[in-house]
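Biologist: I would like to learn how to read side-chain contacts in a model. Could you walk me through a case?

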Amino acid sequence: KSSRFRGKTTREVLGMDNVTPMSVTRAYRIVSHLSTFFRWAHRHGYTPEDISTGLYAPKRRGIRKNEERDVYSQEDLEQMLNSPIFRGEESLDRPENFWIPLIALYSGMRLSEVCQLFTNDIVNVTQSVDEKIPCFDVNDREDKVLKNPSSRRIIPIHPDLIKIGFLDYVTAVKEKGLPRLWMHLTRREDSYGKQFSSYFQRFNRKFITDNPKKVFHSFRHMFGNQLKQAGVRTEIISEFLGHIHGSISLDRYSRAFNPGILLNSIKEVKFGLPVNQLAEVASCFLKLIGSGGLFQVETEIPL
């Protein structure tokens with residue numbers, strides 16, 4: 001994509017200085033997709049042999065999985081909250097910039113899962129005759145895509161998100177007749193997350209940290225670590241994160257955890273965020289929605 005490489009051969013590019021290669025993870029992803037295409041071409045008679053053979057090999061891990069990314073620290077969160085967006089000084093016409101990181105922090109959801117939320121994915125699950133629990137319904141209905149079947153799950157909405165005003169935001173978007181929570185995000189490469197991911201990478205490095213191992217996925221790690229340190233059972237943590245339990249008794253013969261159990265567990269996630277301050281910023285989105293000054297859809301998200 002860089003103009004530096006246009007018109008140059010691969011050998012010429014390799015001879016250039018100050019060229020940062022793509023990450024190993026991205027390279028493997030590209031080769032994996034290419035292998036899938038070649039196998040499809042062979043199965044359907046477009047090529048006489050399967051030229052994907054030997055092209056792709058599982059990536060070798062030199063470090064443990066839990067060392068690939070770092071958890072955000074409390075200081076990192078403070079850096080984020082001191083940015084103009086979370087002080088209500090910038091991007092008030094971009095509610096996704098404010099809400100998506102907070103939802104990931106308090107739910108452990110993947111970036112793509114948060115970015116593709118529809119308004120009808122915010123549901124009230126009946127706990128008893130007198131109690132209904134507001135939840136995220138993580139699903140692959142409509143044009144949504146999930147990583148695997150175990151990603152389908154119900155996650156109670158953390159009380160701090162409710163105090164900040166998330167449910168009020170959902171109600172306001174519904175009243176406008178809009179189908180999705182983040183109408184500025186467009187679907188690219190089979191995902192609503194690509195556009196926001198590009199934005200967050202810039203925001204992360206500018207306002208939060210220059211540690212390359214701290215990325216959006218660090219919110220998910222931080223959430224899971226909070227549950228673990230609070231002594232929450234492993235199988236409950238797995239259900240929150242959309243992982244299989246690894247036990248045939250739980251994966252095949254057991255139903256999902258009662259939402260009341262999940263709610264009690266998620267209350268153990270405590271970050272000490274300035275809820276009242278964030279609620280004031282969140283109220284600005286409601287005023288903009290009410291005045292019709294929100295969701296003038298554009299194709300790019302400025303920083």
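Modeller: We will look at ring pairs and then at salt bridges. This is a predicted model, in which local features need pLDDT of at least 70 and side-chain atom pairs count only at pLDDT 80 or more, while totals for chains, interfaces and linings use all residues. Residues are numbered from 1 along each chain as its sequence is written, and side-chain values use heavy atoms, with hydrogens and water left out.

Biologist: How many aromatic pairs does the structure hold?

Modeller: Rings of Phe, Tyr and Trp (its six-membered ring) pair if their centres lie within 6.5 Å; planes under 30 degrees apart count as stacked, over 60 as edge-to-face and the rest as tilted. The structure holds 23 such pairs. Take Phe 196 and Phe 200: their ring centres are 6.3 Å apart and their planes are at 20°, so this pair is stacked.

Biologist: Where do Phe 196 and Phe 200 lie?

Modeller: Helices (H or I, at least four residues) and strands (E, at least two) are DSSP runs, numbered from the N terminus. Both Phe 196 and Phe 200 lie in helix H8 (residues 193–208), 4 residues apart, about one turn of the helix.

Biologist: Thanks! How many salt bridges are there?

Modeller: A salt bridge is a side-chain nitrogen of Lys or Arg within 4 Å of a carboxyl oxygen of Asp or Glu. The structure holds 13 of them. In one, Asp 76 meets Lys 214, with the closest N and O atoms 2.6 Å apart. That pair links distant parts of the chain, 138 residues apart: Asp 76 is in helix H3 (residues 74–81), and Lys 214 is in the loop between H8 and helix H9 (217–229). Asp 76 is buried at 9%, and Lys 214 is buried at 13%.

Biologist: What about Glu 89 and Arg 87?

Modeller: Their closest N and O atoms are 2.9 Å apart, making a salt bridge. Here Glu 89 is exposed at 53%, whereas Arg 87 is partly exposed at 37%.

Key
Buried < 20%, exposed > 50% of the residue type's maximum accessible area, 1.4 Å probe, protein only.
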